[in-house]
Amino acid sequence: MATARKATSRKKPAAKKAAAKKTTAKKATGAKSASRKTPARKSAAKKVTRRPLRKNALTKLQSDHDAVRKMFNAYERKKDDLSDSEKGSMVQIICNELTIHARIEEEIFYPALRNVADDDLNEMLDEAEVEHTGAKDLIAQLQGAKPRDPLYDAKVTVLGEQIKHHAGEEETQIFKKARRVKELNLEVLGEQLEARAAELKAEIGAS
Ligand SMILES: [Fe+2]
Ligand SMILES: [Fe+2]
C-alpha cells in the first residue's frame with residue numbers, strides 16, 4: 001500500500017511537469033508549430049497536383065524507340081542459338097516496327113515540327129530524314145535476304161547501331177526542342193500518330 005501511495009504521489013509531479021512542458025512548448029512554438037505544419041501541407045499539395053504521365057506524341061515515339069532497342073538487344077543476345085526461321089521472324093518484326101515508326105514520323109511528326117521549326121530544328125530534321133533513308137536501305141536489304149545469307153547478322157547489327165544512334169539524337173535534340181514549342185499540341189499529335197500507326201499496322205499485316 002505504502003508503495004502504491006508512493007507511486008501515485010510520484011506520478012503527480014511527473015504529470016504536472018508534462019503538462020507544464022506542453023504549455024511551455026505551445027507558448028514557445030506558437031510560430032514554429034505553424035511552420036512545422038507547413039511541410040506537411042506542402043507534401044499534401046504535391047500529392048494532389050502530381051498527375052500520371054499523359055500520353056502524347058513524345059511518349060508514343062519514345063515507347064517505340066524503347067521497344068525496338070529491346071528487340072535489337074534480344075537479337076544480339078540470342079542470335080547464335082536461333083534457328084533461321086526464328087531469326088527471320090524476329091527481323092521481320094523489327095523491320096515492320098521500324099517501317100511504321102518512320103512513316104508516322106515522316107507523315108505526321110516531322111511536318112508538324114517543320115511548321116514551327118527554327119533553323120536549328122530544321123537542320124536536325126534534315127539529318128533525321130537522311131538517317132531514315134539509310135535505315136530504309138538496310139531494311140529493304142534484310143527483307144529481301146535469308147538468314148543464311150552472308151552478312152545477314154552484320155546487317156542486323158549495323159541497322160541496330162544506326163537506329164540506336166538516330167533514336168538517341170531524336171530524344172536528346174528533337175524531342176527536347178519539341179517540348180519547348182508552345183504552338184505544338186503534343187497530345188493531339190500523339191493521337192494522330194497512334195491512329196496512323198494502327199492503320200499502317202493493319203496495312204502491313206504486322207502483329
Ligand atoms: Fe526517326
Ligand atoms: Fe523515332
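Two residues are in contact if their C-beta atoms, placed from the backbone, lie within 7 Å.

**View 1. Overall fold of the predicted chain.** This is a predicted model, in which local features need pLDDT of at least 70, side-chain atom pairs count only at pLDDT 80 or more, and totals for chains, interfaces and linings use all residues. Residues are numbered from 1 along each chain as its sequence is written, and chains are lettered from A and ligands numbered from 1 in the order in which they are written. The chain holds seven helices and zero strands (DSSP runs of H or I with at least four residues, and of E with at least two, numbered from the N terminus). Of contacts between residues at least 6 apart in sequence, 79% join residues at least 24 apart.

**View 2. The largest nonpolar core.** A nonpolar core is a set of buried Ala, Val, Leu, Ile, Met, Phe, Trp, Tyr and Cys residues joined through C-beta atoms within 7 Å; buried means 20 or more other C-beta atoms within 10 Å of a residue's own, exposed 12 or fewer. Among the 17 members, Ala57, Phe109, Leu113 and Leu189 touch the most others. H4 supplies the largest share, six residues. Leu113 touches Leu121, Leu125 and Ala178, leaving aside residues up to four places away in sequence.

View 3. Leu186, Leu189, Gly190 and Leu193 of H7 are buried. Seen down the axis of H7, these residues fall within an arc of 100° (taken from the directions from the helix axis to the C-beta atoms), so they line one face of the helix. The buried residues of H7 pack against H3 and H4. On the other side, exposed residues include Glu187, Ala195 and Glu203.
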